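This briefing covers the fold, the ligand sites and some local features of one chain. The model comes first, followed by notes grouped by topic.

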Amino acid sequence: MKIHEYQAKELLKDYGIPIQDGVTIDDVAQAEEAIEQVHRAHDTEQYVIKAQIHAGGRGKGGGVKFCPDRAAALENIQNILGMTLVTHQTGPEGRLVKKVMVGPAIDIKQEFYAAITLDRTKGMDTFMVSSEGGVEIEEVARTAPEKIVKEAIVPGFGLRSFQARNLALALGLEGAAAKQAVGMFQKLYQLYRELDCSIVEINPLIVTGAGDLMALDAKINFDDNALYLHKDIAAMRDLDEEDPAEVEAGKSNLNYIKLDGEIGCMVNGAGLAMSTMDIIKQVGGSPANFLDVGGGANVETVKNGFRIILSDPNVKAVLINIFGGIVRCDRIANGIIEAVKVLDLNVPVVVRLAGTNADVAKELLANSDVEIISADSFEDAANKVVQAAKE
Ligand code: GDP
Ligand code: MN
């Protein structure tokens, strides 16, 4: 799960990490009050207005604006609230900005990058920093990988002081700023562990004009499987920022991820779903989604799955690929028959059922009056669905 910058900053604050604080609003009517509040809290007349969306690169896209006075702040709030912000992470369709943060403009002396995530090849969390902050880290990784310095964290030990000092040193920090960095890095890792994050990223981490360290931006993602342990964090979820079909799928306990191809897939089991996507590609098609209906698929799940797949206008054909292990194929067949009856199906459906009661299932489908294309093998199914999508 992702959260907004202003929410991530609240968590950093809870852990005693200095942040660029602000007031977040969702209505232009609150603008003057917010500006006044920031003015009073920070004794400043210069502001920064920041679009709150679940995507980075807002600065380049025009979603972060420096404002030399109140009038400019007001104008930028009016412009940014309600705009469709396009960044390299939103895709060309962009994202509607529903919230903005009003912050005090900060005098920046240096910009760094700091992040923690799991390094899957090492099986350890990795703390990384770079002196090249404020820019896209992907670009740094590509052109100057030596400028990203990493410390692998041994499970159980946490980020050790010598590692935190190495990281501070890598940023060229000395004296009081280095001390601040060491403390900040250790708190960041504590937050990452305690809140079951999958990524914590501060870009930029800055040295202010006064020489202090501060998180100017913050991005935190969480491990969904641990959210039940953190009710307060789960409550920060913003459904406006998520794909509506994925939200709908979640409600029906379906694992659905939208992709940009034309073949809708309904599969049970993540492994089979992955290989279904592979084989579709192999025979020249492109999957419209990943959908795992799970081990206990029944009539309801199949119906919901269909509804979600068909809500995608790109879908030209549907492939149902079910292996009956725990789930019985005849149940799936009944689900398909019912779903096709109630839903207004306007695309061809290819069905491949194998395993428990597959014979009964085939009979059911053959004797029903629903129009489906039956397939015998995995490959046969892939060929037929790609063909059907073309026609
Ligand atoms: P992102 O583009 O979505 O990553 O948004 P950021 O919050 O990182 O802001 C982008 C850039 O705007 C930063 O790297 C800074 O260079 C600049 N910026 C943001 N806030 C301030 C501020 O208060 N003062 C100054 N001088 N620059 C800022
Ligand atoms: Mn940033």
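The chain has 14 helices and 18 strands, where helices (H or I, at least four residues) and strands (E, at least two) are DSSP runs numbered from the N terminus. This is a predicted model, in which local features need pLDDT of at least 70 and side-chain atom pairs count only at pLDDT 80 or more, while totals for chains, interfaces and linings use all residues. Residues are numbered from 1 along each chain as its sequence is written, chains are lettered from A and ligands numbered from 1 in the order in which they are written, and side-chain values use heavy atoms, with hydrogens and water left out.

**Overall layout**

- Along the principal axes, the C-alpha atoms of the chain fill a box of roughly 80 × 50 × 40 Å.
- The chain has 391 residues, of which 50% count as buried; buried means under 20% relative accessible area, exposed over 50%, and partly exposed in between (1.4 Å probe, protein chains only).
- The domain assignment gives domain 1 (1–20 + 106–241), domain 2 (21–105) and domain 3 (243–390), with bounds that come from an automatic or database domain assignment.
- Taken over C-alpha atoms, the centres of domain 2 and domain 3 are separated by 43 Å.

**Manganese ion (ligand 2)**

- The protein donors of the manganese ion are Asn203 (O) and Asp217 (OD), which lie 2.2 Å from it. Donors are N, O and S atoms within 2.8 Å of the metal (3.2 Å for Na, K and Ca); water is not among the atoms, so sites may look incomplete.
- Asn203 belongs to strand S10 (residues 197–208) and Asp217 to the loop between strand S11 (213–215) and strand S12 (219–222), so the pair ties together parts that are 14 residues apart in sequence.
- Asn203 and Asp217 are both buried.
- Asn203 is also joined to Pro204 by a cis peptide bond, with omega about 10°; Pro204 is placed in strand S10.

**Ligand 1**

- Ligand 1 is surrounded by 18 residues, and the closest are Lys50, Arg58, Gly59, Ile106 and Glu111. A residue is near a molecule or strand if one of its heavy atoms lies within 4 Å of it.
- By class, this shell holds 8 nonpolar, 6 polar and 4 charged residues. Ala, Val, Leu, Ile, Met, Phe, Trp, Tyr, Cys and Pro count as nonpolar, Asp, Glu, Lys and Arg as charged, and the others, Gly among them, as polar.
- Domain 1 (1–20 + 106–241) and domain 2 (21–105) each supply at least three residues to the shell around ligand 1.
- A polar backbone atom of Gly59 is 2.8 Å from an oxygen atom of ligand 1.
- An oxygen atom of ligand 1 also lies 2.8 Å from a backbone N or O atom of Ile106.
- For Asn203, a polar backbone atom is 3.1 Å from an oxygen atom of ligand 1.
- On its own, ligand 1 has 560 Å² of accessible area, and the protein covers 77% of this. Accessible areas come from the Shrake-Rupley method with a 1.4 Å probe; for residues, only the protein chains shown count as cover.
- Strand S2 (47–51), helix H3 (58–61), strand S7 (108–119) and S10 are the elements that give two or more residues to the shell around ligand 1.

**Positive phi**

- Asp43 is not a glycine, yet has a positive phi of about 50°. Asp43 sits in the loop between helix H2 (31–42) and S2, and at 67% relative accessibility counts as exposed.
- Asp196, also not a glycine, has a positive phi of about 50°. Asp196 sits in the loop between helix H7 (175–194) and S10, and at 26% relative accessibility counts as partly exposed.

**Buried residues and side-chain contacts**

- Asp125 is in strand S8 (residues 124–130) and is buried, with a relative accessible area of 9%.
- The side chains of Asp125 and Tyr189 are joined by a polar contact of 2.8 Å. A polar contact is a pair of N or O atoms within 3.5 Å; within protein, one must be able to donate a hydrogen and the other to accept it, and residues adjacent in sequence count only if both atoms are side-chain atoms.
- Thr276 is in helix H10 (residues 270–282) and counts as buried at 0% relative accessibility.
- The side chains of Thr276 and Asn321 make a polar contact of 3.0 Å.
- Ala226, in the loop between S12 and helix H8 (231–234), is buried with a relative accessible area of 9%.
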